[in-house]
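Please examine the sequence and the model before reading on.

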2 protein chains.
Amino acid sequence: MRLTRYFLPVLKETPAEAQIVSHRYMLRAGMIKQASAGIYSWLPLGYKVLKRIEQIVHEEQIRAGHIPLLMPTLQGADLWRESGRYDDYGEEMLRITDRGGRDLLYGPTNEEMITDIFRSYVSSYKALPLTLYHIQWKFRDEIRPRFGVMRGREFLMKDGYNFDLTKEDALHAYNRHLVSYLRTYERMGLQAIPMRADSGPIGGDDTHEFLVLAETGESEVFYDSAVTDLTFGDRDIDYDSVDQCAAIMEEFTTKYARTDETHDEALFNAIPEERRRVARGIEVGQIFYFGTKYSEPMGATVQGPDGKPVPVHMGSHGIGVSRLMGAIIEASHDDKGIIWPEGVTPFHCGIVNLKQGDGDADAACENLYAQLTAAGLEPLYDDREERAGGKFATMDLIGLPWRITVGPRGLKNGVVEVTSRRTGESEEMSPEAAIARIREIYGA
Amino acid sequence: MRLTRYFLPVLKETPAEAQIVSHRYMLRAGMIKQASAGIYSWLPLGYKVLKRIEQIVHEEQIRAGHIPLLMPTLQGADLWRESGRYDDYGEEMLRITDRGGRDLLYGPTNEEMITDIFRSYVSSYKALPLTLYHIQWKFRDEIRPRFGVMRGREFLMKDGYNFDLTKEDALHAYNRHLVSYLRTYERMGLQAIPMRADSGPIGGDDTHEFLVLAETGESEVFYDSAVTDLTFGDRDIDYDSVDQCAAIMEEFTTKYARTDETHDEALFNAIPEERRRVARGIEVGQIFYFGTKYSEPMGATVQGPDGKPVPVHMGSHGIGVSRLMGAIIEASHDDKGIIWPEGVTPFHCGIVNLKQGDGDADAACENLYAQLTAAGLEPLYDDREERAGGKFATMDLIGLPWRITVGPRGLKNGVVEVTSRRTGESEEMSPEAAIARIREIYGA
């Protein structure tokens, strides 16, 4: 993309309403614009990152064998009356009446609707195991929306639901989700620690939250520092293997890590003192096993191997897709702006032309742009008539991980400069070597 | 995808509520499930087609130089009060009150919101031309939702908005959209004819609707049969070229083609009698030029080259993404089921194993599956223990354009069978030749 043809409305001033760094930078970098309290438009740069995050979530869900569908944003009230949650859910549920006087609601979650889909079509245990998921906009009418997309009212979430014949099978689905979530977050450059949590209005016994450590997190967390040494890395997982998934579950959840809701002071104090940590965390996902809580009242049963009807064992599993963008920025920034991890960056690299209009500089930039594009990469070429300082400030603010700087002086020596946003280190090399370097970084 | 691991709830019975063929087949093929009147869940197969349609729309918009963003589904009422449409829009607008008593609405279209985004950031003519678009769920509270996704209440739509300094520039944007829409529909295997139309509640002078001819269409259309001979084909278009876009506009809109709203009997009768056609059409898109209708009341002005403020010239341009799925089926089916055009098919081909459990047949199917997948294609392998007749009926119903049939008898002679869903013609060939054939069809 050429910046002169893009829509990137960066702001010089820091908007007064933004209390935390991710909110400030998303506004300043022209990524979002508030439409109403807790409701945002995703401007082109923000939309690109949102799509990259969404794509990673899809890829990892499909890798785990989960099947995508899409449920609507609006739901009829009847299903929620069946489960008993219509009255229970409280004021966070946005209730709507249509022109025919029917009660609708903007879905805050989808246990009822997915259970209805399941019971409408599935009657035999032979169709199990089955995990269905979708990525869809949801609405929770927060009394105090704040922190930008971190606690918005209209938000994008992946929610998945497993249907299994037995508790044992459902716990494998639980572990499988845990494994797929670890991979998902790592691909986004995040360390998200699974912590034993409280189930809240979803219900159920087993639940883990995934938390990203950050000073601005809404939850106080207590953990053994050894958990932060764990990395998922490039493991080749057979998601059908009960043992493999259980082993990873054990590896990542045995050491003490809890939110304040489930914190146990005695257990915490049993950790060697030098490894005890108290910090804050941002919740970016949660997995639940809740057994037959919805299948029993809603009649989601299958015929078992013995011919008798059995209510299915279920769980639900969520990733906060739009919230993740805020979490990533909270975890990865400096005082000049955002530092995108390569996995979610909106553009793979920036090209800064130090002297727009100079024949050699323009030609070199065009050539870099064409070759990177041909390699399947998306560079952002700052082709504005603007001073170098302004161009650098924009690139630093929007946080592209790599920048290629092109100027007449360097070109006389046959070199351009490749700069890492994270380290700030620059290296001079030929344009061809710069292209090869960027391609190597992204495997393109 | 292996069918035993997929969720494809095909129905044997035709649901009584479905009046038109696309609705019947989408229900029977397990593509959608009604959640509430005019509100649908997109089951896995339907979701896949929806994503393919959406992807083509994105690619063609980006090719035309238009920039994607994403506005929220819910909008504050204030912007609509500013434009005067809050009261004008009528009962199709779903009005909502949140817990704080604020008036919201589920966006039926986005002229106000995009104009607000524009005026918040753009102050100079130098930022023009600019076209922003999004693909987002919208809601119109139809009094009689029917025909499945063809006239739903919650629907997915691409809506784009151009901002230009002059009427002349805005008319180029209008033509550019017309060109990009012609390409878009053709890639989906559709002929959509631009017809002079009525502007309705969007307003404006210039507007064309794109109609797909189908007996079940909601509009009566009148046209010169010569328009159906026009094809866009594989033209290489420079979307910045005013002349190229204008020439295509002229080529595709000069011959008589109008809906009943704008029909002119005298003009129609001037066409040679043998070329006069009266038929029905499904509206799948519309483009508008409406000048300063929104920019003036909402203060969307830029500083012109002479330093004086000028309200921008705008247009809006929509494609009914979810509705297109119904239109494609209406235009492409037979009495056995859907016939997907290659451009939007949910799976590139089906693999039917005539004798599941037979060592040779299983191995040959696995090999086809692995090689097609490795080539970047998505086959659907029917690996169920089911009779051949049932497998063929499912494949015909869900409409994959190509089927590879594998059985022990053919394998003894070293052949499998490749069948076109459209023509019904089969050809025997080696498994390697079958793979090469499917790859060639999709350019994979």
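Two strands are said to pair if DSSP finds at least two bridges between them. Helices (H or I, at least four residues) and strands (E, at least two) are DSSP runs, numbered from the N terminus. This is a predicted model, in which local features need pLDDT of at least 70, side-chain atom pairs count only at pLDDT 80 or more, and totals for chains, interfaces and linings use all residues. Residues are numbered from 1 along each chain as its sequence is written, chains are lettered from A and ligands numbered from 1 in the order in which they are written, and side-chain values use heavy atoms, with hydrogens and water left out.

**Strand pairing**

- Strand S13 (residues 276-291) of chain A pairs in the antiparallel sense with strand S10 (residues 206-213) of chain A over eight bridges; here Thr207(A) has Phe288(A) as its bridge partner.
- Strand S11 (residues 219-224) of chain A also runs antiparallel to S13(A), joined by six bridges, and Phe222(A) stands opposite Val278(A).
- A further antiparallel pairing, over six bridges, links S13(A) to strand S16 (residues 313-320) of chain A, where Gly315(A) is the bridge partner of Tyr289(A).

**Overall fold**

- Chain A contains 14 helices and 23 strands.
- The C-alpha atoms of chain A fill a box of roughly 80 × 60 × 40 Å along the principal axes.

**Burial and contacts**

- Of the 444 residues of chain A, 59% count as buried, meaning under 20% relative accessible area (1.4 Å probe, protein chains only).
- Contact means heavy atoms within 4.5 Å; among contacts in chain A with a separation of 6 or more, 71% come from residues 24 or more positions apart.

Notes:
Buried < 20%, exposed > 50% of the residue type's maximum accessible area, 1.4 Å probe, protein only.
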